[in-house]
Structure formats: structure tokens, C-alpha cells
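Dear colleague,

Please find below the structure that I am handing over to you. My notes on it follow directly after.

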Amino acid sequence: MQSAPGGVIPAYVAFGANLGEPVAALRSAAAALGGRPGIALVAGSPIYRTRPIGPPGQPDYANAVARVATTLAAVALLDVLHAVEAEFGRVRDVRWGPRTLDLDLIWYEGEERSDERLTLPHARAHEREFVLRPLADLDPGLVLRGRPVGDWLAGLEPQGVEPTGTALM
């Protein structure tokens with residue numbers, strides 16, 4: 001795996017699931033991710049229940065965000081996220097459809113990019129309460145696309161995001 005330039009890099013990963021036992025899946029996925037070489041989970045947000053975006057008839061989602069410290073390059077971290085998703089039975093067949101686990105790399109310090117594999121910061125994170133609310137729990141001053149997370153969140157209409165009373169970690 002490719003190493004991060006300059007040693008340990010902070011990054012934020014969004015977690016989501018709406019099939020099976022979503023809250024348990026998020027907590028298990030966090031443990032699995034934190035057990036991977038080159039990745040340490042530093043902090044986890046509360047888990048939120050979220051109305052689904054996409055095809056109708058889906059169950060609600062569970063969503064959270066984790067701050068990680070990694071020695072992996074951004075693309076290598078993305079590869080690990082996809083491997084963990086696969087271990088949890090993730091199938092990529094319907095855009096915004098139901099899923100056992102969704103892990104998105106939201107932000108990786110010092111990296112802005114947009115290519116066929118990865119867009120950083122995440123292309124739509126600043127539009128989605130289910131990403132911004134847990135991210136703001138961890139770091140409301142983090143700058144995404146030129147504005148602090150807390151400012152993006154304050155400007156959004158509510159999108160059906162409610163606390164579950166459970167923490168990711």
C-alpha cells in the first residue's frame with residue numbers, strides 16, 4: 001500500500017447503513033477499520049437516524065463520522081474502505097439504494113483532487129446533513145469547500161437527521 005506523504009495524516013470517514021442492523025454494522029465497521037494497518041480511529045461521532053435519499057421504500061439509515069489518523073495515502077485509504085465495505089456484504093448496484101455499509105472518505109488533510117477514483121473533499125458532503133451533523137460534532141471548524149462545517153450545517157434546511165443516543169465508538 002502507498003504511504004501518506006509526510007507521515008501521519010488526519011482524515012474523516014463517513015459511515016452509513018440501512019440494511020440488517022445498521023447501528024451494530026456501523027460500530028462493527030469502525031472496529032474493523034481501526035484494526036487495519038496504518039489506520040487509527042481517533043474519535044467517533046454520535047450515530048444518527050436519517051431519512052433515506054434515493055429510491056422510495058428504503059428503511060432509515062444510521063450515519064456517523066470518524067476522525068482517523070492514517071499513514072496511508074488517500075487512494076490507499078479509499079481501497080481499505082472499499083475492502084471493509086465488501087467484508088460487510090456491500091453490493092454496488094443501485095445508486096443511493098439500500099446498503100449493508102457505506103464508507104466515504106470525506107476529507108484528507110492537504111489533499112484536494114477530483115478524478116475517476118476519488119474526489120476530495122467529498123463532492124456532496126457540504127450538502128448533506130447526515131454527513132455535516134456528525135462531522136460538526138467532531139470538528140465544526142473544519143473547512144470544506146471554503147467554509148467551516150458548522151456554517152454549511154447552519155445554512156441547510158433540516159433533512160430528517162435525528163440522534164439515536166448511541167456513539168460510533
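This is a predicted model: local features need pLDDT of at least 70, side-chain atom pairs count only at pLDDT 80 or more; totals for chains, interfaces and linings use all residues.

I begin with the helix pair. Helix α1 spans residues 22-34 and helix α2 spans residues 74-87. The two pack with their axes 10 Å apart, at an angle of about 135°. Because angles over 145 degrees would count as roughly antiparallel and those from 65 to 115 as roughly perpendicular, α1 is classed as oblique to α2. The crossing of α1 past α2 is right-handed.

Which residues meet where these helices pack? From α1 come Ala-29, Ala-32 and Leu-33, and they meet Val-80, Leu-81 and Val-84 of α2. In terms of residue class, this contact between α1 and α2 comprises six nonpolar residues, with no polar and no charged ones.

I turn next to the backbone. The peptide bond that joins Leu-120 to Pro-121 is cis, and its omega is near -10°. Pro-121 is placed in a loop, with β7 (119-120) on one side and α3 (129-138) on the other.

Arg-145 belongs to the loop that runs between β8 (143-144) and β9 (147-148). Is Arg-145 buried, partly exposed or exposed? Its relative accessible area is 39%, so Arg-145 counts as partly exposed, given that buried means under 20% and exposed over 50%.

With kind regards

Terms used. Residues are numbered from 1 along each chain as its sequence is written. Side-chain values use heavy atoms; hydrogens and water are left out. Helices (H or I, at least four residues) and strands (E, at least two) are DSSP runs, numbered from the N terminus. Buried means under 20% relative accessible area, exposed over 50%, partly exposed in between (1.4 Å probe, protein chains only). Axes are lines fitted to C-alpha atoms, for helices over the stretch in contact, and angles run from 0 to 180 degrees between N-to-C directions. Angles under 35 degrees count as roughly parallel, over 145 as roughly antiparallel, 65 to 115 as roughly perpendicular and the rest as oblique. A crossing is left-handed if the near helix is turned anticlockwise from the far one by less than a right angle, and right-handed if clockwise. Contact means heavy atoms within 4.5 Å. Ala, Val, Leu, Ile, Met, Phe, Trp, Tyr, Cys and Pro count as nonpolar, Asp, Glu, Lys and Arg as charged, and the others, Gly among them, as polar.
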